[in-house]
Amino acid sequence: MKLLLPTSTAGSLPKPAWLAQPETLWSPWKLQGDELAEGKRDALLLSLQDQQLAGIDIVSDGEQTRQHFVTTFIEHLSGVDFEKREIVKIRNRYDASVPSVIGEVVRKKPVFVEDAKFLRQQTKQQIKWALPGPMTMIDTLYDGHYKSREKLAWEFAKILNQEAKELEAAGVDIIQFDEPAFNVFFDEVNDWGIAALERAVEGLKCETAVHICYGYGIKANTDWKKTLGTEWRQYEEVFPKLQKSSIDIISLEAQNSRVPMDLIELIRGKKVMVGAIDVATNTIETAEEVADTLRKALQFVDADKLYPSTNCGMTPLSRRVARGKLEALSAGAAIVRNELTA
Ligand SMILES: [Zn+2]
């Protein structure tokens, strides 16, 4: 019988202190060359073990081989100049120095496929792999070539599709696209964002997910959240379109968030990864708190479609806190699983 309420994380997990500066977003690598390559693999194994010891059902690489969820992917493409940096506003929220698109973007070699094969060799559990979504990618770059967000997103969608097909062949069970930009640019989501995402998943036979969140617990995000009022209804704009899309799973944020839970009703029929762990606080949830969030979600999603997860990635947290949160997620899901099967 299929396991009810399979747990997973939204994506990243903390890196060991010997690989990168702990509790720091986008921190540079501490190793170089062959040592870095070996260090990334060792970190992937540790991250996998943390998930397994905590009883997580659908495991990932913890994003141990990437410094940034968008730029590490882009680094592997031609047409982008990392020396030529420009300041842009990310998701209308904060300034960042980003690389420039200077020519046609092309994936000359696979990006994460070898890492995925390595993870596949380590476990028989279901594995999930995260890729940046096309809209979030273009929002993290300066485009001096295509001069059109839509056109560039379309090119990235084609590239993501190539990568996704190879990840699928490597044995990845679920490919997730991170699209926090879907919570900001509603007109573009409507005009071409969903279409670009559909292009990225075209022809895939494995399961597909889209992760839409309110971001890591960094200041720019917490300040932004303060401006959103008492009810966060951003999902209302995109969920009806995603409900009609071919994406199998929607990953969303719920724990300690002001997202009204009933918005999940808008994606009825889809599998829902419900964030039952807050990644913006060091306070570790109790199993009962996690269970409570899952029970609320069950009002709007069928039990066989509920996937307990985290609100977002946990890379900025300490390893101790992240481990505690993984255990809480597992324990909370177990409580509700028992209730459902009792
Ligand atoms: Zn996220």
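Modeller: Let's start at one residue. Leaving aside neighbours within four places in sequence, Phe182 is in contact with Met135, Val189, Gly193, Ile212 and Val238. Keep in mind that this is a predicted model.

Biologist: Where is Phe182 found?

Modeller: Phe182 is in the loop between β6 (174-178) and α6 (186-201).

Biologist: Does Phe182 count as buried or exposed?

Modeller: Buried. Phe182 has 28 C-beta neighbours inside 10 Å, and 20 or more is what it takes to count as buried.

Biologist: And how far apart are Phe182 and Val201?

Modeller: In sequence, they are 19 residues apart. In space, Phe182 and Val201 are 16 Å apart, C-alpha to C-alpha.

Biologist: Let's zoom out. How many helices and strands are in the chain?

Modeller: The chain has 10 helices and 10 strands. Its radius of gyration is 19 Å, close to the 20 Å that the globule rule gives for 342 residues, so the chain is as compact as a globular protein of that length.

Biologist: What does the C-alpha trace span along its principal axes?

Modeller: About 60 × 45 × 40 Å.

Biologist: What share of the residues count as buried?

Modeller: 45% of the 342 residues count as buried.

Biologist: What about contacts between residues 24 or more positions apart?

Modeller: Take the contacts in the chain with a separation of 6 or more. Residues 24 or more positions apart account for 77% of those.

Biologist: Where does Ser12 lie, and what does it touch?

Modeller: Ser12 lies in the segment before α1 (33-54). Not counting residues up to four places away in sequence, Ser12 touches Gly62, Glu63, Phe69, Gly313, Met314 and Thr315.

Biologist: Is Ser12 buried or exposed?

Modeller: Ser12 is buried, with 28 other C-beta atoms within 10 Å.

Biologist: Switching to helices. How do α9 and α10 cross?

Modeller: Helix α9 covers residues 287-297 and helix α10 covers residues 319-341. Their axes come within 7 Å and cross at roughly 55°. That angle makes α9 oblique to α10. The crossing is right-handed.

Biologist: Which residues make the contact?

Modeller: From α9, they are Ala287, Val290, Ala291, Leu294 and Arg295. From α10, they are Ala328, Leu329, Ala331, Gly332, Ala333, Ile335 and Val336. By class, the contact of α9 with α10 has 10 nonpolar, one polar and one charged residues.

Biologist: What about α1 and α10? At what angle do they pack?

Modeller: About 35°, with the axes of α1 and α10 8 Å apart. Their crossing is right-handed.

Biologist: Which residues meet there?

Modeller: Asp50, Gln51 and Ala54 in α1 meet Arg323, Leu326, Glu327 and Ser330 in α10. The contact of α1 with α10 has two nonpolar, two polar and three charged residues.

Biologist: And α1 with α3?

Modeller: Helix α3 is residues 113-122. The axes of α1 and α3 come within 11 Å and cross at roughly 45°. So α1 is oblique to α3. The crossing of α1 and α3 is right-handed.

Biologist: Who makes that contact?

Modeller: Arg41, Leu44, Leu45 and Leu48 are on the α1 side. Asp115, Phe118, Leu119 and Gln122 are on the α3 side. The contact of α1 with α3 has five nonpolar, one polar and two charged residues.

Biologist: Last topic, the backbone. What is the phi of Trp26?

Modeller: Trp26 has a positive phi of about 60°, although it is not a glycine. Most residues other than glycine have a negative phi.

Biologist: Where is Trp26, and how exposed?

Modeller: Trp26 is in the segment before α1. It has 17 C-beta neighbours inside 10 Å, so Trp26 counts as partly exposed.

Biologist: And what is phi of Arg91?

Modeller: Phi of Arg91 is near 45°, a positive value in a residue other than glycine. Arg91 lies in the loop between β2 (77-90) and β3 (94-107). Arg91 counts as partly exposed, with 19 C-beta neighbours inside 10 Å.

Technical notes
Residues are numbered from 1 along each chain as its sequence is written. This is a predicted model: local features need pLDDT of at least 70, side-chain atom pairs count only at pLDDT 80 or more; totals for chains, interfaces and linings use all residues. Axes are lines fitted to C-alpha atoms, for helices over the stretch in contact, and angles run from 0 to 180 degrees between N-to-C directions. Helices (H or I, at least four residues) and strands (E, at least two) are DSSP runs, numbered from the N terminus. Angles under 35 degrees count as roughly parallel, over 145 as roughly antiparallel, 65 to 115 as roughly perpendicular and the rest as oblique. A crossing is left-handed if the near helix is turned anticlockwise from the far one by less than a right angle, and right-handed if clockwise. Two residues are in contact if their C-beta atoms, placed from the backbone, lie within 7 Å. Ala, Val, Leu, Ile, Met, Phe, Trp, Tyr, Cys and Pro count as nonpolar, Asp, Glu, Lys and Arg as charged, and the others, Gly among them, as polar. A residue is buried if 20 or more other C-beta atoms lie within 10 Å of its own, exposed if 12 or fewer, and partly exposed in between; C-beta atoms are placed from the backbone. The radius of gyration is taken over C-alpha atoms; the globule rule is 2.2 Å times the number of residues to the power 0.38.
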